[in-house]
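Trainee: Could you walk me through reading domains and helix packing in a model like this one? I would like the general idea and then the case at hand.

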Amino acid sequence: MAKLTEIRWHGRGGQGAKTAALLFGEAVLGQGKHMQAFPEYGPERMGAPVQSFNRISDEPITLHCHVTSPQIVVVLDPTLIGTVDITHGLPDDGIIVINTDQPASKFREQLHLNGQKLYTVDASTISRETIGRDIPNTPMMGALVKATGILNFEEMIADTKGKLEKKFRSKPEVIEGNLKAIQRAYDEVKSE
Amino acid sequence: MKQINPDVCAAYPITPATEIMQIFASYVADGLVDTELVAVESEHSAMSASIGAAAAGARSMTATSSQGLALMWEMLYIAAGLRLPIVMPMVNRALSAPINIHCDHSDSMGTRDSGWIQINSENAQEVYDNIIQAVRIAEHPDIQLPAMVTYDGFIISHAMEPVDTYETEQVRKFIGPYKPMYSLLDIDHPITVGAIDLTDYYFEHRRALAEPTFHVLDVAEQVAADFEREFGRKYGIFELYKMDDAEVAIVVLGSTAGTAKVVIDGLRQNGVKAGMVKVRMFRPFPYKQIAEVLSSTKAVAVLDRSDGLAGMGGPVFGEVRSALYDSAKRPITANYIYGLGGRDITLAHIKSVYDDLLAIAKSGKLPEKLFSYLGVRE
């Protein structure tokens, strides 16, 4: 099988980890790649730790087992660090993107990282300022693309715009807010 | 279902429900389909209403999963016994107890002797293609049986993956308008449906019910050939993966087949002659064809995503082993029960099965255990 990229999203119930994986999956599809997007289902409660996943490949993907060793981890809520083993299965050349207002260096020791690359972005502040609520999932898509280069950013923005326009036809402010959030996170994400 | 535009859909999805009927109900509400949606009070009633509608001459569909299918139980036999070609997407999920919402095949396996045609799907594309084909197979004049299209709960039902869809007009042309052979509403040709039938004729009618099951596989192949001409995708009663020269093989249903393909590709790179038979038509079961395909192998493992609780392994194993009995040349078989209640089946699990098969093939000895449990803590 051709090169397969796997992503794990960590969030809390209500933060949109599932929607992020699905929206990102659609953006991947929009760029002519093959993908899967699926959440981990369990008892669903607001605030409980949840995960969702993407698989991305240039070739059709037939794998249907769980994602256990993703190359990329996206953390929507920094309070999960220390509670959930967010680096589980992450290889030494993996990438972590965290939504936080703290500097990246703070997490290296805490997460016992080796060679993994660490990126941070204050997606909660961005989403509050652009969307009006702390829903960090869409800005984290922007940060993810910048940190990994896995998709063409302009194409992703155009694709997501189309999807949001379909979903929120009656709420243009939601569309604009989300697109701004993605753009800002893309511009503001920092490496160590 | 939207493209099929059935005349009647009845729905009451109980926990664990899927979004199928909910989304379909929105199509009805938005006027995107002409379907009469009957909201009922239980899945037993959903199947009852589907039966009533089908007996009245309507193209009738519903969808279910797990406990919902279990609650339909009584009516499933009636749908088949009355020869009503109802088509039903069926999301495979575990049965209680304990309570679980995840994938295994216990639900549909329990209905395997009900007279319903069962078509299994590996991925979302196959679900779509199989449902379209199921309409043609079920409604074929020589068949006239209900059909369920099964696919794995959560792994396929709640995951997003790309599907090539076809133009609605093309799909409707493929399935054609529904012309019921008999209809309660055709008052010029009155019929009786569901009459009492004791020692005098019950047996003859049940014997007659067996007749179409002898033709389903042929019809499924004809429909698949038409489907390939129209839509360009090839289907058979099973899919053979690298079976041409395979010495060790697994037999599997559903999404696990996709994961197994990755394992087989890896083994093939190392020169291991590994293959797979993915069963698409489970009811009726292609006994002869399976035996023919497997007779050239040395060792075969059947992977069952449900337990037969029969003292001799899972239901697919029973069928495959029975199919092989009359072969002059037959492989050694082993059975693995896996993935109950959504337990993950990993590449390593499947690889370990092939390792076992290679050892069996090399020694020529029967496995230590006829059936074992893969990925369980015991």
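Mentor: Gladly! Keep in mind that this is a predicted model. Let's start with the domains: chain B splits into domain 1, residues 8-231, and domain 2, residues 238-374. Taken over C-alpha atoms, the centres of domain 1 and domain 2 of chain B are 28 Å apart.

Trainee: How many residues does each domain of chain B bring to the contact?

Mentor: Domain 1 of chain B gives 26 residues and domain 2 of chain B gives 20 residues.

Trainee: Which elements of chain B supply at least two residues each on the domain 1 side?

Mentor: Those are helix H4 (106-109), strand S6 (117-120), strand S7 (147-152) and helix H8 (216-231) of chain B. The largest share of that side comes from S6(B), with four residues. By residue class, the side of domain 1 of chain B that touches domain 2 has 13 nonpolar, nine polar and four charged residues.

Trainee: Now helix packing, please. What should I look at?

Mentor: Two packed helices are described by the angle between their axes and by the distance between those axes. Here, take helix H10 (residues 287-294) and helix H11 (residues 315-324) of chain B: their axes come within 8 Å and cross at roughly 75°. Angles of 65 to 115 degrees count as roughly perpendicular, so H10(B) is roughly perpendicular to H11(B).

Trainee: Which residues make the contact between H10(B) and H11(B)?

Mentor: From H10(B) come Tyr287(B), Ile290(B), Ala291(B) and Leu294(B), while H11(B) provides Val320(B), Ala323(B) and Leu324(B). This contact of H10(B) with H11(B) consists of seven nonpolar residues, with no polar and no charged ones.

Technical notes. Residues are numbered from 1 along each chain as its sequence is written. Chains are lettered from A and ligands numbered from 1 in the order in which they are written. This is a predicted model: local features need pLDDT of at least 70, side-chain atom pairs count only at pLDDT 80 or more; totals for chains, interfaces and linings use all residues. Domain bounds come from an automatic or database domain assignment. Two residues are in contact if their C-beta atoms, placed from the backbone, lie within 7 Å. Ala, Val, Leu, Ile, Met, Phe, Trp, Tyr, Cys and Pro count as nonpolar, Asp, Glu, Lys and Arg as charged, and the others, Gly among them, as polar. Axes are lines fitted to C-alpha atoms, for helices over the stretch in contact, and angles run from 0 to 180 degrees between N-to-C directions. Angles under 35 degrees count as roughly parallel, over 145 as roughly antiparallel, 65 to 115 as roughly perpendicular and the rest as oblique.
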